Amino acid sequence: MSLELRDIHKHYGPVRANDGISLTVAEGTLHGLLGENGAGKSTLMKVLSGFHSADSGEVVLDGKSIKLASPDDAIAAGIGMLHQDPLVFLPFNVIDNFVLGSPGGSRLDRKKAAQEFAELCDRYGFNIDPASPARLLTVGERQQLEIVRLLWLGARVLILDEPTTGISADQRSKLFVTLKALATEGMSVIFVSHKLEEVADLCERVTVMTRGKVVGEAEMPVPPEQLVKMMFGQAVEVKDRPAVDHGAAQLKLSDIRTASGMLSEEPVSLEVRAGEVVGLAGMEGSGQDAFLRICSGMRNPRSGSVQIAGTDLTGKNYRDFLAADVKYLPAGRLEEGLIEGLTITEHFVLAGEDRGFFVDWGKAKKRAEAQVDHFTIKGTEASTAESLSGGNQQRLLLAMLPPRLNVLLMEHPTRGLDIESADWVWEQLLARREVGTSIVFASADLDELLRYSDRILVFFSGRIIGELDAKATNVDEIGLLIGGRSVDSGAA
Amino acid sequence: MSGFLTALGEMFDTATIASIVAGASGLLFATMGETISEKAGVINLSVDGSMMLAALAGFVAAFHTGNVWIGFPAAAAVGVAAALVVAFGNIKLSLNQVAIGFVLFALCTALSRFLGSGYVGRQPVAVPAWDIPALSSIPFFGPVLFSHNLIVYLSMVTVLVTYWFIYRTRAGLALQGVGERPEAAHSRGIPVNKLRYLYTAIGGALIGVGGAAFTLDVKVGWSDRPTLNFGWIVLAIVIFGGWHPLRAAFGVLLFGALQAFALNLQPEFPTFSQVLPSIPFPAMILALVVVNWKTLLDWLDRYPWLRSILRSDPPTAIGTRFEVS
């Protein structure tokens, strides 16, 4: 079945999750949809599976425009969606999951269903106990169950949303074999992922999305650095930043090893000096987040030591790191950084240094007002955190930082911000270098990395694959490394 | 000690067992109703009040028409109305199920007291006894199961039908799905909120019939708050029964047996006669503790069939609201 999306728009409030997406998937192809988290891939697939309705645009199936107002419509049209977290009913057994929602009379013929289930499983080499409750299945097996169910319902287009999250390498290769087999049988498969290698492994054609728009399409195979370029964009010329003298080492990691699955076995060592800015590049989930969590004391390494401003803090917890003037701003502003339902004033009270039992609300309000003013936060001291836009949430987080910091760790400091806000944020951050703060930040924006870092560390599948001087490198070199090719081995 | 044994011995009288079955009809209907509603994800917390108001409606309708069979549909209608208030408030008005249910309980209790004040002590109408021919003459089983009235028989049938519907039909599977993981049900094209309205209403009807079973059969006549606290017991038994109709029915009978036992103990231990009627409640708490004991659960995981008999978990999405985004 060939599928065509024409000019799909979907807004959530001011956020343009899909901003005029057009996409064609030919019958019997494995089509990759590549993009960083938040690029709008999931939204697009939810539109296609009838979960959300698009604000405008058209879905055309085999030349006929179809209406997708509910998942019911999508199923009837032959579009099956496998959600990232497979939507199975955990307490029910496999067969009940299999038949739930299937058409038919009131009579429930579990025996016949079990037979058909077994046949399909045989055909695709799945081995699932039909009597087992779904909660005892692994995520990979739950996916297999869903795939078999969607096939049974007659799906001709199969959408998989980040299907390799949380499944074993074994199950992944089995999944890929199955998908390839399905494509040769004429199934159109849309494979949504932010993992470059997987799309390169599996897909015949790939569409790259960034910020709600299609930014590129390519017939596979193409060199990964070309895909990286599409995903991350071209860097504009790098402005000179005012140089700051680097002081003594503020953050010193020696021979850090972590529990399996976080970073690879190779020990990591790093020194960041006062006033230095280190950028962490890499595909999302390549180890940057684990690295930052170790630097911030939120996670302890298995071996090795962490020193902050000359003091050994190995094995200490986040509180001790905070006391040593280390601060971590995670990517999930509203999830990890701010508290929904609390006002700006209340945030300042919580973050403040006053530990008395009573709160002087009059004073707190004045202080919050002054900070709202100083940081030009669009809102009042009584605005709740969730009522602020992403840029203003970031401003609030920055406003709450204590004046003196040894190490500031950040994930995606300017994600979702307009250019003006992003510039402003960096102005504030760079000013902190003057007082000797070391800054380590992860970003998916190569331009940002090149523009503001002194050094760039590139992560690839859990290890640091390259360390670059920001002044002496360029987008192409970083792109290659992000794709997993080291510079000296050339194009392997 | 001998008093305890005497009371225990009386429990095995055919007459005692038959009376437990006869007295269980009201609780059986209401428990099945609440089970269906909660299986679909909607807690109807008003049951203690709505059952009482339905009991009054059933009594009044039967009293004025002189026909007991008009009482039951009237009671069911009141039960449906109360249940729909809960469903509507939750689904359409985004109110908390527990909050609406609790307020509705208070309202219905007060209303039934106010509206029923004129009916206290009035000449009651009762469901006529009807022994099932042939079956009722079987020794033991005859008097226990087949020598009651139509309402008692119907309560037994309701239990079986509820079980059969939930676990043996396609619609019943969808009903469970809606209460378990509504977004997954939605993704399979099941109309989640429509079904929640439907099954809350059906549950409400059964709760209503349960109320009328008290005023027209179990405790014939209208007194001040005749079903007081039975609604709360229904809520407890649904939990005890692990949202499974057969186990919940067993819970109703166990509760009835504990009540009868406490009653038997009273003449033997007059000093404690005030305390004894409360025995069923701590006994139920103890049972809940046992079925939630983690070590036992881990052990049960190895024997799925045993686990399914001894324990089942609440519908995951119980008490929550589902909105198509």
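Before I continue, a word on conventions. This is a predicted model, in which local features need pLDDT of at least 70 and side-chain atom pairs count only at pLDDT 80 or more, while totals for chains, interfaces and linings use all residues. Residues are numbered from 1 along each chain as its sequence is written, and chains are lettered from A and ligands numbered from 1 in the order in which they are written.

I turn next to the sheets of chain A. Helices (H or I, at least four residues) and strands (E, at least two) are DSSP runs, numbered from the N terminus, and two strands pair if DSSP finds at least two bridges between them. One open sheet of 4 strands has the order S2-S1-S4-S5 in chain A, with antiparallel pairing. Strand S2 (15-25) and strand S5 (64-66) of chain A stand at the edges, each with a single partner strand, so one side of each has no neighbour in the sheet. From one strand to the next, the twist averages 30 degrees. Angles here run from 0 to 180 degrees between N-to-C directions, and axes are lines fitted to C-alpha atoms, for helices over the stretch in contact.

Within this sheet, strand S4 (residues 56-61) of chain A pairs with S5(A) in the antiparallel sense over 3 bridges, and Leu61(A) stands opposite Lys64(A) in S5(A). Helix H1 (residues 41-48) of chain A lies across strand S1 (3-12), S2 and S4 of chain A, and runs at about 65 degrees to S2(A).

Another open sheet of 4 strands has the order S12-S11-S14-S15 in chain A, again with antiparallel pairing. Its edges are strand S12 (268-273) and strand S15 (311-312) of chain A, each with a single partner strand, so one side of each is left without a neighbour in the sheet. Strand S11 (residues 249-257) of chain A is joined by 5 bridges to strand S14 (residues 303-308) of chain A, and the two run antiparallel. In S14(A), Val306(A) stands opposite Leu253(A), and Ser303(A) stands opposite Arg257(A).

What joins S14(A) to S15(A)? They pair in the antiparallel sense over 2 bridges, and Ile308(A) has Thr311(A) in S15(A) as its bridge partner. The hairpin of S14(A) and S15(A) has 2 residues between the strands, and there Ala309(A) takes a positive phi near 45 degrees.

Now to the interface of the chains. The contact takes 18 residues from chain A and 20 residues from chain B. On the side of chain A that touches chain B, helix H2 (71-77) and helix H3 (94-99) of chain A are the elements that give two or more residues. H2(A) gives the most, with 3 residues. By class, that side of chain A has 11 nonpolar, 5 polar and 2 charged residues.

Finally, the helices of chain B. Two packed helices are described by the angle between their axes and the distance between the axes. The axes of helix H4 (residues 47-65) of chain B and helix H5 (residues 68-91) of chain B come within 7 Å and cross at roughly 150 degrees. That makes H4(B) roughly antiparallel to H5(B); angles under 35 degrees count as roughly parallel, over 145 as roughly antiparallel, 65 to 115 as roughly perpendicular and the rest as oblique. The residues of this contact of H4(B) with H5(B) divide into 14 nonpolar, 5 polar and no charged.

H4(B) also packs with helix H12 (residues 230-240) of chain B, at an angle of about 130 degrees and with the axes 7 Å apart. That makes H4(B) oblique to H12(B). The contact is made by Val47(B), Asp48(B), Gly49(B) and Met51(B) of H4(B) with Phe230(B), Gly231(B), Trp232(B), Val234(B) and Leu235(B) of H12(B).

Methods
Ala, Val, Leu, Ile, Met, Phe, Trp, Tyr, Cys and Pro count as nonpolar, Asp, Glu, Lys and Arg as charged, and the others, Gly among them, as polar. Two residues are in contact if their C-beta atoms, placed from the backbone, lie within 7 Å.
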